[in-house]
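Subject: Structure handover

Hello,

Here is the structure I said I would pass on. Please look it over first, then read the notes below.

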Amino acid sequence: MALNKQHITNLLGMIRSVEPDELDCDSCYEQLSELAEVELHSGRVPDTLKLVEHHLHQCPCCKDEFNALLESLHALQAENSD
């Protein structure tokens with residue numbers, strides 16, 4: 001697959017946004033439930049979860065997992081409020 005100008009621009013953007021203490025997917029996954037609970041109840045992400053949030057902006061696979069978890073929690077919450 002040949003890289004076009006847009007692919008290269010996207011890759012460079014991702015490289016520029018790497019944090020010095022970047023999380024890998026396993027580390028992010030371990031904290032997804034905590035972030036989901038925060039988003040579900042308060043919406044205010046504490047500093048301790050900022051790297052998880054950053055990883056989700058970078059990684060579509062982890063973002064999909066997070067969205068599925070959040071959807072499930074919303075469904076459970078709605079079911080319990082009935």
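A note on terms first: helices (H or I, at least four residues) and strands (E, at least two) are DSSP runs, numbered from the N terminus. This is a predicted model, in which local features need pLDDT of at least 70, side-chain atom pairs count only at pLDDT 80 or more, and totals for chains, interfaces and linings use all residues. Residues are numbered from 1 along each chain as its sequence is written, and side-chain values use heavy atoms, with hydrogens and water left out.

Helix 3
Gln58 sits in helix 3. Gln58 is partly exposed because its relative accessible area is 22%. (Buried means under 20%, exposed over 50%, partly exposed in between; 1.4 Å probe, protein chains only.) Val52 is also found in helix 3. Val52 counts as buried, because its relative accessibility is 0%.

The core
Which residues touch the most other members of the largest nonpolar core? They are Cys28, Leu32, Leu35, Leu49, Val52, Leu56 and Phe66, out of 16 residues. (Such a core is a set of buried Ala, Val, Leu, Ile, Met, Phe, Trp, Tyr and Cys residues joined through side-chain atoms within 4.5 Å.) Helix 2 (25-41), helix 3 (50-58) and helix 4 (60-81) each supply at least two residues of this core. Helix 2 gives the largest share, 6 residues.

Helix 4
Leu73 lies in helix 4. Leu73 counts as buried because its relative accessibility is 17%. Leu73 and Arg16 are 57 residues apart in sequence, and their C-alpha atoms are 34 Å apart.

Helix 1
Helix 1 covers residues 5-16 and includes Leu12. Its 12 residues should span 16 Å at 1.5 Å a residue, and the end C-alpha atoms are 16 Å apart, which agrees. (The expected span is 1.5 Å times one less than the number of residues.) Asn4 caps the N-terminal end of helix 1. A side-chain oxygen of Asn4 lies 2.9 Å from the backbone nitrogen of Gln6.

Leu12 is partly exposed, because its relative accessibility is 41%. The C-alpha atoms of Leu12 and Gln58 are separated by 13 Å, though the two are 46 residues apart along the chain.

Best wishes

Methods:
A polar contact is a pair of N or O atoms within 3.5 Å; within protein, one must be able to donate a hydrogen and the other to accept it, and residues adjacent in sequence count only if both atoms are side-chain atoms.
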